[in-house]
Amino acid sequence: MQLTHLTGSRRDIGLGHGRAHAAPIRASIAVYDRLFQDFVGLDWGQARREAERFGAMIEERFPAILEEMAGIAEGAGVDTADILTLNCRSEISLTQASGGCSAFALARDGRQWLAQNWDWRADQLDNVVALRIEGDDAPPLVSIGEAGMVAKIGMNAHGLGVCLNAIRSRTCGEGLPIHVALRRILESPDMAGALAVAEQDRVCSPAHFLVAGAGGEALGLEVHPGEPGRLSPRGGVVTHTNHLCAQEVTCRVEDFPRVDSRPRLARLDALLDELADDASVNEGRLFEILADHHGHPLSICRHFNPDQPAEERMETLFGVVMDLDARRLTLRHGKPCESATNLEVTLPSA
């Protein structure tokens with residue numbers, strides 16, 4: 001895994017992204033063409049037409065990012081509509097496609113940690129990209145995500161970080177698509193800015209954004225087109241998997257979690273409870289949690305499961321641990337239990 005450094009205007013950033021990752025962007029389009037057909041019966045052309053309605057919402061709430069998407073498309077030699085569709089993939093497939101993902105925030109000994117596994121279909125493993133973005137109009141940031149998409153999981157130079165848990169639901173309304181909202185958060189200066197994305201811009205479809213900041217701030221946001229649910233730290237800890245927890249959201253939004261979501265959440269809570277008296281919290285110790293196999297195949301670190309239908313098999317494609325006070329992100333591409341090398345990125349403090 002190589003870090004791609006992008007600088008300049010929105011168009012410059014997009015062009016650099018598209019040129020550097022043209023092959024995985026085209027591969028991502030092929031992956032989602034298959035996924036849309038598997039889950040919602042749409043071919044790529046139909047999915048592009050579905051994505052059009054979200055373009056108007058982005059134009060209203062975050063127009064600058066559309067220029068970057070156009071640059072990505074130009075750099076990769078694809079249509080802008082293809083890049084818009086990739087960035088709206090959660091909204092297009094939200095009724096059926098549900099990834100895994102286990103995330104937690106931990107405040108300990110004056111440091112704020114943020115970590116998660118990203119679980120998805122294995123055919124997207126080679127299309128994961130690490131982007132360091134230093135734009136003319138936003139703070140430096142690092143995002144680990146999918147080629148052609150403007151953001152996913154990461155942090156910025158203000159020490160603000162965000163993780164993502166997918167929520168399977170039929171709810172979809174007005175707001176920013178999930179991955180565009182994540183980029184908006186990564187460009188925010190503080191927790192108040194992140195909250196504004198959830199409360200004012202709103203998010204088209206349900207998801208969980210785990211947001212944390214240097215200095216010991218953390219908050220779980222169960223976003224959707226309405227007022228987000230909030231999950232505050234308990235003993236410095238916030239955990240989440242792939243079902244809704246906040247009562248103010250569960251009474252208004254119906255979700256359809258897979259059977260592994262609650263066992264993974266319980267295991268995360270148990271493992272973090274064990275850290276209560278552990279003075280040796282560091283990246284390695286937190287990757288041990290992300291590599292946990294208790295309850296396999298319903299484990300935090302997910303492996304190939306032949307008992308699942310082929311189109312629903314989800315595996316851990318990367319794990320990430322962020323020390324937000326040090327502005328340091330550490331990535332293990334592939335399963336945390338198997339990956340022998342880390343990609344480490346440190347940002348200057350803004």
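# Exercises on a predicted model

Y32, F36 and W44 form one aromatic cluster. The model behind these exercises is predicted.

## Exercise 1: Aromatic pairs

Task. State how many aromatic pairs the whole structure holds, and classify the pair F36 and W44 by its ring centres and planes.

Solution. 

Step 1. A search of the whole structure gives three aromatic pairs.

Step 2. A pair of aromatic rings is described by the distance of the centres and the angle of the planes.

Step 3. For F36 and W44 the centres are 5.9 Å apart and the planes stand at 20°. Planes under 30 degrees apart count as stacked, so F36 and W44 are a stacked pair.

Step 4. F36 has a relative accessible area of 0% and is buried. W44, at 11% relative accessibility, also counts as buried.

## Exercise 2: A pair across the sequence

Task. Classify the pair W118 and F318, and say which strands it ties together.

Solution. 

Step 1. The ring centres of W118 and F318 are 5.4 Å apart, with the planes at 35°.

Step 2. Stacked pairs have planes under 30 degrees apart and edge-to-face pairs over 60, the rest being tilted. The pair W118 and F318 is therefore tilted.

Step 3. W118 belongs to strand β3 and F318 to strand β12, so the pair links parts that are 200 residues apart in sequence.

Step 4. W118 is buried at 2% relative accessibility, and F318 is buried at 0%.

## Exercise 3: Two residues with positive phi

Task. D109 has a positive phi, and R327 has a positive phi.

Solution. 

Step 1. D109 is not a glycine, yet its phi is about 50°. D109 sits in the loop between β2 (102-108) and β3 (111-120).

Step 2. R327 is not a glycine either, and its phi is about 55°. Its place is the loop between β12 (315-323) and β13 (328-333).

## Exercise 4: The surroundings of R327

Task. R327 is buried; find which side chain of opposite charge is nearest, and which backbone oxygen the side chain of R327 reaches at 2.9 Å.

Solution. 

Step 1. The nearest side chain of opposite charge is that of D325, 5.4 Å away. A salt bridge needs the charged atoms within 4 Å, and R327 has none.

Step 2. At 2.9 Å, the side chain of R327 reaches the backbone oxygen of A157.

Step 3. A polar atom of the R327 side chain also lies 3.2 Å from the backbone oxygen of D325.

## Exercise 5: The nonpolar cores

Task. Which residues have the most contacts inside the largest nonpolar core, and which helix gives the largest share of this core?

Solution. 

Step 1. The largest nonpolar core has 94 residues, and F209 and M322 have the most contacts inside it.

Step 2. Helix α2 (residues 22-40) supplies the largest share of this core, with seven residues.

Step 3. Apart from this core lies another, of 16 residues, with V237 and L271 among them.

Step 4. Beyond its neighbours within four places in sequence, M322 is in contact with residues including W113, I153, V162 and L329.

Conventions
Residues numbered from 1 in each chain as written. Predicted model: local features only at pLDDT ≥ 70, side-chain atom pairs only at ≥ 80, totals over all residues. Heavy atoms only, no water. Helix = DSSP H or I, 4+ residues; strand = E, 2+ residues; numbered from the N terminus. Buried < 20%, exposed > 50% of the residue type's maximum accessible area, 1.4 Å probe, protein only. Lys, Arg positive; Asp, Glu negative; His and termini not counted. Polar contact = N/O pair within 3.5 Å; in protein donor to acceptor, adjacent residues only side chain to side chain. Core = buried A, V, L, I, M, F, W, Y, C linked by side-chain atoms within 4.5 Å. Contact = heavy atoms within 4.5 Å. Phe/Tyr/Trp six-rings, centres within 6.5 Å; stacked < 30°, edge-to-face > 60°.
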